[in-house]
Amino acid sequence: MVRTGAAARPTLAVIAREARVSVPTASKVVNGREDVAPETRRRVTEVLDRLGYVRRPRGAAVPVPSLVDIVVHSLSSSWTAAVLHGVEAAADGAGLDVVVSAGLARSRGCGPDRGRLQRLALRGTAGVIFSMAELTRSQYAWLEQHRIPFVLIDPVVEPPPRVISVGADNVGGGTSATGHLLALGHRRIAFIGGHRHALCGRDRLEGHRSALAEAGVPNRQAYERYGRFSTAEARDRALELLDLPEPPTAVFVCSDTMALGVYEAAAARGLRIPDDLSVVGFDDLPEARWATPALTTVRQPLSDMSATGLRLLVRLMEGDRPDTAFTELPTRLIVRASTAPPRP
């Protein structure tokens with residue numbers, strides 16, 4: 001447990017973690033309730049005494065901590081807005097308050113940001129959701145050591161086996177995206193992914209390749225390009241594809257934000273979407289509907305993913321570990337105006 005000094009008063013969330021019970025159970029013991037098993041009462045009382053928890057006078061209300069944290073990769077994207085919407089709705093239903101922060105998850109190749117993790121513990125968080133996290137082994141170990149329940153939403157890399165996480169059916173989404181283009185008659189279909197190491201991108205590429213193989217269409221390595229999940233990077237990769245001797249007639253892009261970069265590249269080459277180039281994105285962010293023409297994309301249930309993550313976190317906070325570490329939610333192809341059969 002992290003404390004700032006002898007005067008620091010441990011919160012009920014800390015007491016519950018140390019005693020390996022839920023926060024409501026720890027609250028019952030502090031309040032002198034009778035509906036607690038003797039062994040549980042003994043264990044909680046022992047922790048209360050060891051950590052110097054000062055009980056309030058009998059009859060005074062003892063607030064039960066209701067604070068959880070969500071750490072996101074960025075506060076400036078509509079992707080994050082959809083995630084926060086789901087967490088907010090689920091937290092409100094569970095009677096929890098949410099603190100939002102950004103930046104902790106992106107520390108690949110570096111040691112854990114102990115200062116931020118310690119601040120989570122010091123303010124008595126009952127649990128943490130990490131969105132698009134890329135945590136290190138040391139960070140995982142720190143969280144386990146301090147008994148802070150946590151859940152990952154759409155982890156960037158494969159988490160350890162017992163870590164609870166929620167994601168979308170990225171393989172199925174990639175299959176449906178490329179399958180849609182194949183059904184329209186396209187055979188020269190390119191793929192633009194984000195970071196090569198990103199778990200979601202690898203799975204979407206697997207679905208793309210699977211759809212091509214199922215249709216008997218050879219996969220061209222020259223049609224696979226990668227970059228960061230940004231509009232500018234996707235624009236550069238799309239320009240490379242369009243400058244090939246035999247350019248693609250369609251592109252499956254790993255995010256809606258990147259798909260907008262393909263739109264820019266097509267305009268720069270004097271091409272019209274979908275007459276000259278069909279484009280499929282992934283996520284179904286508001287930008288997909290605002291684009292001209294409206295973007296065909298794979299809907300990723302971001303709000304449902306984060307709401308599911310919050311509910312799983314509550315279970316962990318109550319000492320109930322789910323049987324399955326990974327929960328996968330379905331994706332769905334949303335057909336709009338950016339795809340059409342190729343020119344004869």
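## Helices H4 and H12

In this predicted model, helix H4, which covers residues 78-94, packs against H12 at an angle of about 40°, and the axes of the two helices are 7 Å apart.

On the H4 side, the contact is made by Trp79, Ala82, Val83, His85, Gly86, Val87, Ala90, Ala91 and Ala94, while H12 contributes Leu302, Ser303, Ser306, Ala307, Leu310, Arg311 and Val314. Sorted by class, the residues of this contact are eleven nonpolar, four polar and one charged.

## Helices H9 and H10

Helix H9, made of residues 231-242, and H10 have axes that come within 7 Å of each other and cross at roughly 45°. H9 and H10 are therefore oblique to each other, and the crossing of H9 and H10 is right-handed.

The residues of H9 that make the contact are Thr231, Ala234, Arg235, Ala238, Leu239 and Leu242, and they meet Thr257, Met258, Leu260, Gly261, Val262, Glu264, Ala265, Ala266 and Ala268 of H10. In this contact of H9 with H10, ten residues are nonpolar, three are polar and two are charged.

## Helices H1 and H3

H1 packs with helix H3, which spans residues 38-51, at an angle of about 125°, and here the axes are 9 Å apart. That angle makes H1 oblique to H3, and the crossing of H1 and H3 is right-handed.

From H1, the contact involves Val14, Ile15, Glu18 and Ala19, and from H3 it involves Arg43, Val44, Val47, Leu48, Arg50 and Leu51. The residues of the contact of H1 with H3 comprise seven nonpolar and three charged ones, with no polar residue among them.

## Backbone details in the loops

Arg20, which lies in the loop between H1 and helix H2 (23-30), has a positive phi of about 60° although it is not a glycine.

The other two features are cis peptide bonds. One joins Ile273 and Pro274, with an omega of about 5°, and Pro274 has its place in the loop between helix H10 (256-268) and strand S9 (278-283). Another joins Thr292 and Pro293, with an omega of about 0°, and Pro293 is found in the loop between helix H11 (286-290) and strand S10 (296-299).

## The two largest pockets

The largest pocket has a volume of about 530 Å³, and of the 23 residues that line it, those closest to its centre are Arg147, Ile148, Pro149, Leu316 and Arg321. Helix H1 (12-19), helix H6 (137-145) and helix H12 (302-317) each supply at least two residues of this lining, and the residues of the lining divide into 14 nonpolar, two polar and seven charged.

The second largest pocket has a volume of about 400 Å³. Of the 20 residues that line the second largest pocket, His73, Met132, Phe229, Ser230 and Ser255 are the closest to its centre. By class, the lining of the second largest pocket has six nonpolar, nine polar and five charged residues.

Terms used
Residues numbered from 1 in each chain as written. Predicted model: local features only at pLDDT ≥ 70, side-chain atom pairs only at ≥ 80, totals over all residues. Heavy atoms only, no water. 1 Å grid on protein atoms, 1.4 Å probe; cavity = no way out; pocket = protein on both sides within 12 Å on 5 of 7 lines; lining within 4 Å. Points joined across faces, edges and corners; volume = space filled by probe spheres on them. Helix = DSSP H or I, 4+ residues; strand = E, 2+ residues; numbered from the N terminus. Nonpolar A, V, L, I, M, F, W, Y, C, P; charged D, E, K, R; others polar. Axes fitted to C-alpha atoms, helices over the stretch in contact; angles between N-to-C directions. Parallel < 35°, antiparallel > 145°, perpendicular 65-115°, else oblique. Left-handed = near helix turned anticlockwise from the far one by under 90°. Contact = heavy atoms within 4.5 Å.
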